[in-house]
Amino acid sequence: ELVKHFSFGGVTSLVSDDNVAQVECDRRKDVFRQFLVEHTINEPSPPGCDASDEPPSEKPIGTEITFKGKDYIVAEAVENWFQCIICHELADEPRVTTCCAKTICTDCNQKCQRGFSRNYQCPSCRQVDYRSTEDPRARQRILTLMTYCSNAECQWKGFLKDLDSHISKECPFEKVLCQQCRRVKSLRSVIETHMKNDCKKRPVKCPRCGIEEEDDGEDDFVPVLTHSTLVNEHYKTCPKWPMRCPNRCDPQLTFTRDGLQHLASDTECPEKEIDCQFASVAMGCKEKRKLRYMDEHIQETTAEHLTLLMGDYLRLKKAHSTLERSHSTLEKSHSTLEKAHSTLEKAHSTLQYNYDRLKEKC
């Protein structure tokens, strides 16, 4: 049987080809255990905490790594055997090959074996039909690497597995999108002020009528009244919104939409243009003037207005005479119809009598 010289711990042993991979795996496990022992003496601070009360003014220089397609900076040295032999990044869900004890990502391993039902080769040693097993210790070591926040201004330091949660929920220097307007993107420490004070889509309460929701006419949906809706649409229909007279009769005069009597009445706003009082008569006055000048118009055109009234009176008198003649004619027709009705009733009574006699004989 073919044997090889294999040295470990200063001792040279003779092992077969079948046992070389197993010996290499055992060696790597011992190295990892020794690494944990050395780093347990000075246990690192909890994630997000530093030894001093104040954060350092400048972030220390660390080791650049790539994990899941993203670049990170870790605060400690990273062993090469944590890297995938395919993508050369820190292994995601690491596995170890049984043929040559190399680390490989689960996804990369599946890509290597995809499309082959048999005779697929190890990407490192070209072993045919290679196998791989999960490496939970390597996975735990990778996820517990002390990592700096990817935002240069942030002084956070913690485990690699907690970095995404820190960036998505806590980091004040991460740029986030406003969840109300979906347009402004700013630092998390600033976006809250924007959402409360500056966002056009922030929910507001009408300062006049007190309404907080705007009904759009649908029974199943009542949208929140936003600042944009308030200044662009709601004020046009708000019953309590202060208004000035559109005729500008008094710069100091303001009223609400509920108090529209000022405009509805023809006796309040002096700047409102109204029709002449004699516009309703036949061939009436066509003059239109502001309320403040209407009395002057009536005084100036009294004779013309009297002429219009006389013409209207004569027209009505003529119509009255016509109606009287029509009434007299209708009365005569009514008398004639009453006489005809009486004659028909008598004829009906005679016929009914004759009918009854014939019925008795039959």
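Buried here means under 20% relative accessible area, exposed means over 50%, and partly exposed is whatever falls in between (1.4 Å probe, protein chains only). R141 sits in helix α3 (residues 136-143) and E76 in the loop between β4 (70-74) and β5 (95-97), so the pair ties together parts that are 65 residues apart in sequence. Helices (H or I, at least four residues) and strands (E, at least two) are DSSP runs, numbered from the N terminus.

A few ground rules for the rest. The model is predicted, so local features need pLDDT of at least 70 and side-chain atom pairs count only at pLDDT 80 or more, while totals for chains, interfaces and linings use all residues. Residues are numbered from 1 along each chain as its sequence is written, and side-chain values use heavy atoms, with hydrogens and water left out.

On confidence, pLDDT is the predictor's own score for each residue, from 0 to 100. The chain has a mean pLDDT of 76, with 72% of its residues at 70 or more. Residues 39-59 stay under 50, and the model gives this stretch 27 contacts beyond four places in sequence, a contact being heavy atoms within 4.5 Å. Residues 214-222 are also below 50 in pLDDT, with 9 contacts in the model beyond near neighbours in sequence.

As for the overall makeup, the chain's secondary structure comes to 9 helices and 15 strands. Of the 362 residues in the chain, 25% are buried. Taking contacts between residues at least 6 apart in sequence, 33% join residues at least 24 apart.

Helix α8 (residues 291-300) is where H297 is found. The buried residues of α8 are L291, M294, H297 and I298. They cover an arc of only 95 degrees around the axis, which puts them on the same side of α8; the arc is that of the directions from the helix axis to the C-beta atoms. On the face turned away from that buried side, α8 carries the exposed residues D295 and Q299. The buried set packs against β14 (273-275), β15 (288-290) and α9. H297 itself counts as buried because its relative accessibility is 3%. Leaving aside residues up to four places away in sequence, H297 touches C276, C285, E287, R289 and H305.

Back to charges: the whole structure turns up 5 salt bridges. One of them joins the side chains of D275 and K288 at 3.7 Å, N to O. D275 belongs to strand β14 and K288 to strand β15, so this pair ties together parts that are 13 residues apart in sequence. D275 has a relative accessible area of 45%, so it is partly exposed.

Another salt bridge links D312 with R315, whose closest N and O atoms are 2.6 Å apart. Both residues lie in helix α9, 3 residues apart, or about one turn of the helix. D312 is buried, at a relative accessible area of 13%, whereas R315 is partly exposed at 45%.

Helix α9 spans residues 302-361 and also holds M310. M310, Y313 and L314 make up a nonpolar surface patch with about 330 Å² of accessible area together. Patches are built from residues with over 30% relative accessible area and no salt bridge, joining like charges within 9 Å and nonpolar side chains (Val, Leu, Ile, Met, Phe, Trp, Tyr) within 5 Å. M310 has a relative accessible area of 46%, so it counts as partly exposed.

E93 is not a glycine, yet has a positive phi of about 50 degrees. E93 is in the loop between β4 and β5 and is partly exposed, with 40% relative accessibility. A101, likewise a residue other than glycine, has a positive phi near 55 degrees. A101 lies in the loop between β5 and β6 (103-104) and is buried, with a relative accessible area of 3%.

Conventions: Areas by Shrake-Rupley, 256 points an atom, 1.4 Å probe, with all protein chains shown as cover. Salt bridge = Lys/Arg side-chain N within 4 Å of Asp/Glu carboxyl O.
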